Amino acid sequence: MKSSAPGKIILFGEHAVVYNRPALAVPVDQVQVDVEVCDSDKPGVWIDAPMVNLQGELSTLPSDHPIGAVILKVFHHLGISPRPNISVTVTSTIPVAAGLGSGAAVSVALVRALSSFLNHSLSNEQVNQLVFEIEKLHHGTPSGIDNTVITYNMPVYYMKSKPIETFKCGKPFTIVIGDTGVPAPTKQSVGDVRRLWLRDSNRFETIFNEVAQISTMARHFIESGRPEHLGELMDHNHEFLQQMTVSSPELDVLVAAACKAGALGAKLSGGGRGGNMIALVDQASAESVAGALMSAGAKRTIITEVK
Ligand code: PMV
């Protein structure tokens with residue numbers, strides 16, 4: 001049984017979304033996770049996940065191992081006991097700890113492949129809920145945006161504890177993603193923002209409100225087919241992320257390089273401090289902006305169309 005899940009980028013509203021403000025995220029299908037589950041002739045649950053250097057039997061993993069935890073959660077949820085003899089192969093082209101949702105994508109693909117193999121197909125809602133519980137184990141206080149956009153594989157306007165809203169683009173637009181190559185665990189930047197918010201909640205609440213307005217306007221421009229207006233909103237969102245202290249010199253260099261090369265706007269995307277940035281471009285200048293990002297130190301770039 002095979003299942004795949006895409007990567008994702010957050011277009012607007014990261015961090016503020018943890019504090020109940022809206023954020024926009026879209027799937028990125030140029031990168032993906034593939035999971036295959038099949039019967040094994042050896043006793044046990046054998047996992048092969050080369051991108052995290054994992055090859056071994058489930059019971060030898062620490063109890064909080066991200067992949068082991070997903071498998072145990074699915075067994076528990078479906079009431080599977082004793083454990084079946086299976087082999088689970090996880091391959092991924094999504095860079096790890098880069099803000100492209102690799103963890104949530106592994107969880108979504110694994111939950112789907114495993115539950116289908118065990119003859120218990122789950123609805124999107126059930127998959128999303130299970131993966132959210134797994135995200136909580138690893139990220140402390142995740143907003144739930146990653147699991148939602150990856151499970152539904154559609155653009156989402158996300159607000160914590162609100163019904164999920166997917167949306168359609170009035171006109172497609174092109175984004176260049178640039179990877180700083182600096183691994184940046186989201187848990188840390190989210191924790192730092194929380195400490196700063198606790199210390200100076202008035203200032204941070206004001207920043208989050210400004211970002212909420214940006215996300216709301218961005219959705220309006222996307223749905224009404226005027227994506228060219230998103231550039232300026234990205235620039236502003238990046239400034240607010242700098243004020244939240246989650247940008248980094250590497251991210252700022254790439255954001256400036258993209259704008260100098262003709263991007264309509266650019267910002268960091270995801271947890272920040274490293275990982276990826278995104279730039280809005282005319283389709284015709286996508287390659288040259290991607291080239292400028294590589295010259296400015298990006299480790300890789302992805303050109304994706306949001307539709
Ligand atoms: O680093 P990522 O792409 O997983 O982004 C996390 C987004 C945050 O808003 C920073 C955290 C969250 O849980 O929403």
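**Reading a domain interface**

Trainee: How many residues of domain 1 are in contact with domain 2, and what does contact mean here?

Mentor: Contact means heavy atoms within 4.5 Å. Here, 29 residues of domain 1 touch 46 residues of domain 2. Keep in mind that this is a predicted model, where local features need pLDDT of at least 70, side-chain atom pairs count only at pLDDT 80 or more, and totals for chains, interfaces and linings use all residues. Residues are numbered from 1 along each chain as its sequence is written, and side-chain values use heavy atoms, with hydrogens and water left out.

Trainee: How much area do domain 1 and domain 2 bury between them?

Mentor: The size of an interface is often given as the accessible area lost when the parts come together. Buried area is that loss with a 1.4 Å probe, summed over both parts. These domains bury about 3,000 Å², with 62% of it on carbon and sulfur atoms. On the domain 1 side, Phe12, His15 and Tyr19 lose the most area to domain 2, together 26% of what that side buries.

Trainee: How many salt bridges cross the interface of domain 1 and domain 2?

Mentor: A salt bridge puts a side-chain nitrogen of Lys or Arg within 4 Å of a carboxyl oxygen of Asp or Glu. The rule finds three across this interface.

How values were computed. Buried area = accessible area lost by both parts, 1.4 Å probe.
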